[in-house]
Amino acid sequence: MATSVAEDISLPCSKSFQSTIEESILQLGELDLTSEDFLLDEVDSHIQQNLEDEIVKEALNKGVDLRQYSKQVERELLEVENASIQDYIKESQNIASLHSQIAACDGILERMEQMLNGFQSDLSSISTEIQSLQDQSIAMNIKLKNRQAIRGELSQYVDEMVIPESMISHILETPVTEDEFKEQLHELNHKIKFVKEQAFRDARACGDVKDILERLKVKALAKIREFLLQRIYAFRKPMANYQIPQNTLLKFRIFNEFLMTNERHVAKEVRDEYVDTMSKVYYSYFKSYSSRLMKLQFEEVATRDDLMGVEDTAKKDILVPYNSSFFSSKPQLKNRSTVFTLGNRGDVLTTGLEEPVIIPHAAAKNETRYTFEMLFRSLHFALMDNCCREYLFLCDFFIVSGTGAQSLFDAIFGKTLTMFMKQMEEYVGDSYDSIAMFLSVHIVYRYRAIMAKRGIPCLDRYWEALLNTMWPRFEYILHLNIQSVHHATLRGVFGSHCGRGPDVPSERVGRVLGQLQAEVENFVLKMAAQFQQRREQLIFLINNYDMMLAVLVERTSEDSKEAEVIRDLLTARTGEYVEEVLAPHFGGMITFVRDCENLVDKGQLDTFANQEKRVQQIIRGFNNDWKKALETINQEVMRAFTNFKNGTQILQFNNYAEQQLGVLMFPAASDRRLLQGALTQLIQYYHRFQKVMSQGPFRSMQVRNELINIHHVMVEVKRYKPTF
C-alpha cells in the first residue's frame, strides 16, 4: 500500500523526502519540550519551514499520508541496505584483494618516497660537488693563464737574453757594408739596451751575458769607427764629388745611431771629424769658386762719376737738339749702358733665377763677361743648393733638429759665410751700380722664400745680414743720383742714360725712386725751357715723356702710380702740341668754331649773321690748302720725332672716328691712350665746323655748298695711317 501511495504522488525523490522528514523529526527531538523556553511559536516556525519544502508541498498537495510514506521509505531503505550488504559479502574477496593491493601500493609508494628523498639528498650533494668542481676549474684556468703568460714572458726574456752564434759570427767577421752585419748590429743594440734595463732590476741572468755583449760592442764600435772615418776622409780627396760619399753615409745612418747610444765620445769624435773636414771642403770650394767667378765681371764698372746728373766730359759743350731725348744719347763707354739701362738684366729674377751655376773656366774660355748681379746669383744659388743639401744631411744622419741642427750647420758653414759677408761688404762699399744692388737684393728675397718653402732656416741670419748691408748702399746710390740730377747743369748730362727697375713693393725703395722721378721731371722741364719756341719745347717734352713712359710700362704695370703720372704729362703735352701744329694751317677755322660754339651755348649765335665773308674765306681757304697742309703736318711731325712709332701715333687717325662716323662722337683721350692723333683732332674740328654751318644764320649762306664732304677728307687722312 505504501508503495502504491508513493507511486500515486509521484515523488521525484523519495530519499530526499525521507531525509527531510527525518531531519524535521530530529530537530523536534532536539527541542527540550519540558523546558520553559520551549515556545509554541518556535514549533510553528519550524513546521512552517518544513512545510515550505518542495517535496512536502507536493506530497500534501496530492493528499499522501506522510506517516505511511515514511514507513514505506524506511522499508525501501532497509531493502537497499540489505542488498548492499549482500553485494559487499559477494565482493568480499575482491575487496580483500583490493585492500591487499592498496596496502602493497602504500608500501611501494613509501619506498619510492624514501628513494626520492635519497635522490634529493644525493642531488643536493651533487650540486655542492658541481659548485666545488666549478671553483676548481676556475682556479685551474687562472693558473693555466698565469703559467702561459709567464711562459711567454720567460720565453721572450730568454730569447732577448741569449746571444746566438750567428750574431757573434756576423759582428766579428762580416764586413760592415753587408746587410747581415747591419741586421745583427740592430739586434745587438737591442740586447744591450735590454740587459741594461734588467741590470737595474738586479736580474742575475745579466751576469751570464754581460761580458759577451761588452766584447761584441767593443768590436762593433771599432769596426764602425774605422768605416765612418774612412768615408769622411774620402771627402778630402782633390776633385772629389763629396755628394757621393755623403749619400753613402746616409745608407749607414744606423752606425751613428749605434755610436750615439753606446759610446758618445766615439760618436763625438766622428762628428767633429766630419765637421772639420766639411768646413774646410766648403771653404776651399767657395773661396776658389768666388775668386774665379768674380774675374768674369765687366772690367768697366760704375764709379762715383757714373751718376745721372754728373757731367760727361766727352760731351761737354754739346747742345742737345730740341727733337732728341735726354734719355736717348749714346753712352761713351763700352759697357756703361749697364749702369742706367735695365735691358735684359731683370731676367736674373725670372727665367735665370734657378739656372745652372756659371762655370768659370768655360766662361773664361769663351771670353764671356757678366754683370755683378749674374755673378751674385750664380754664387748664391750654389751656396743655397749646398746649404740645403748639407742641412738635410745633418738632420738625417746626426739625428738633430732645431737649434742643434743650426749649431752643427754653423760649425760647418760659419767660416764660408764669414768669407762671403766680407766679400759682399767690400763690393757693396765700392759699388755705384744701383741696378746691380737692386737686383741682388731681390735675388736674396727670392732665395730666402725658396728656402722658407723647403722648410730650411739655416741661412736666415745670413740673408738678413746681406740685406742689412745692401739696402743702405742702394738707398745711398739713389740719393747720389737724386742730388746729381737736382744740381745738374744743362750742358753736361746728355751722355747719361736713365732706366727704371721692375715694380718695387718695398716702401723704402718706392719713396726714393719717387724722389728720383720728381727730380728727373723737374730737370726735363728745365732743359725744355732752354728752347725759345713753344713748339720746340713741346717736342722735347713729348720725346722725353714718351721714352720714360715706355720704360715704365715695360718694367712695371701700366696702371702703376709712376706710369700714370708720366702718362698724364704726356697726354697734356701731346694735346698742346696738336693744337700748335694745326694752328698755322687751320687756325682760322678752329678759332671760328670755338667762338661759335660759345655763342651757341649762350644762345647768341645771331650776332654772327654778318660773318658771311669770314666764313667764305675759311671754307675756300680750307678747300685750297687742306691736302697740302696734311702733307706739311706729316713731314713736320716725322722730323720732330725721331721715334717713328711715336711720330705716327701723334699723326695717327683715330679708327674710332671712322667707325662712329654716323654720330661723329670723338671722345677725349682716356687714361689708356698714349696720344690723340693730330689728324683725328682735325677731323673733329672740321665736323664741328660743318655742324655750326648747319645752324642759325649760316644755314642760308650759299657758300655752304662749297663744303668738302667729310668722307672725302677722311679718305685722304687714311693715307697717313700707320701700317703696323
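This is a predicted model: local features need pLDDT of at least 70, side-chain atom pairs count only at pLDDT 80 or more; totals for chains, interfaces and linings use all residues.
Reader: Next topic: at what angle do helix 15 and helix 16 cross?
Author: Helix 15 (residues 372–397) and helix 16 (residues 402–430) cross at roughly 165°, and their axes come within 10 Å. The axes are lines fitted to C-alpha atoms, for helices over the stretch in contact, and the angles run from 0 to 180 degrees between N-to-C directions. Helix 15 and helix 16 are therefore roughly antiparallel to each other, since angles over 145 degrees count that way, under 35 as roughly parallel, 65 to 115 as roughly perpendicular and the rest as oblique.

Reader: Is that crossing left-handed or right-handed, and which residues meet there?
Author: The crossing of helix 15 and helix 16 is right-handed, a term used if the near helix is turned clockwise from the far one by less than a right angle, with left-handed used if anticlockwise. Among the residues that meet are Phe372, Phe376 and Leu379 in helix 15, and Gly402, Ala405 and Gln406 in helix 16, where contact means heavy atoms within 4.5 Å. By class, the contact of helix 15 with helix 16 has 17 nonpolar, 4 polar and 1 charged residues; Ala, Val, Leu, Ile, Met, Phe, Trp, Tyr, Cys and Pro count as nonpolar, Asp, Glu, Lys and Arg as charged, and the others, Gly among them, as polar.

Reader: What about helix 7 and helix 9, how far apart are their axes?
Author: The axes of helix 7 (residues 165–173) and helix 9 (residues 206–233) are 9 Å apart, and the two helices pack at an angle of about 30°. That makes helix 7 roughly parallel to helix 9, and their crossing is left-handed.

Reader: Where is Ile399, and what is its phi?
Author: Ile399 is in the loop between helix 15 and helix 16, and its phi is positive, about 55°, although it is not a glycine. Most residues other than glycine have a negative phi. At 46% relative accessibility, Ile399 counts as partly exposed.

Reader: And Glu367, is that one buried or exposed?
Author: Glu367 is exposed, with a relative accessible area of 70%, and lies in the loop between helix 14 (360–365) and helix 15. Phi of Glu367 is also positive, near 55°.

Reader: What rules sit behind these values?
Author: Local features need pLDDT of at least 70 and side-chain atom pairs count only at pLDDT 80 or more, while totals for chains, interfaces and linings use all residues. Residues are numbered from 1 along each chain as its sequence is written, and side-chain values use heavy atoms, with hydrogens and water left out.

Terms used: Helices (H or I, at least four residues) and strands (E, at least two) are DSSP runs, numbered from the N terminus. Buried means under 20% relative accessible area, exposed over 50%, partly exposed in between (1.4 Å probe, protein chains only).
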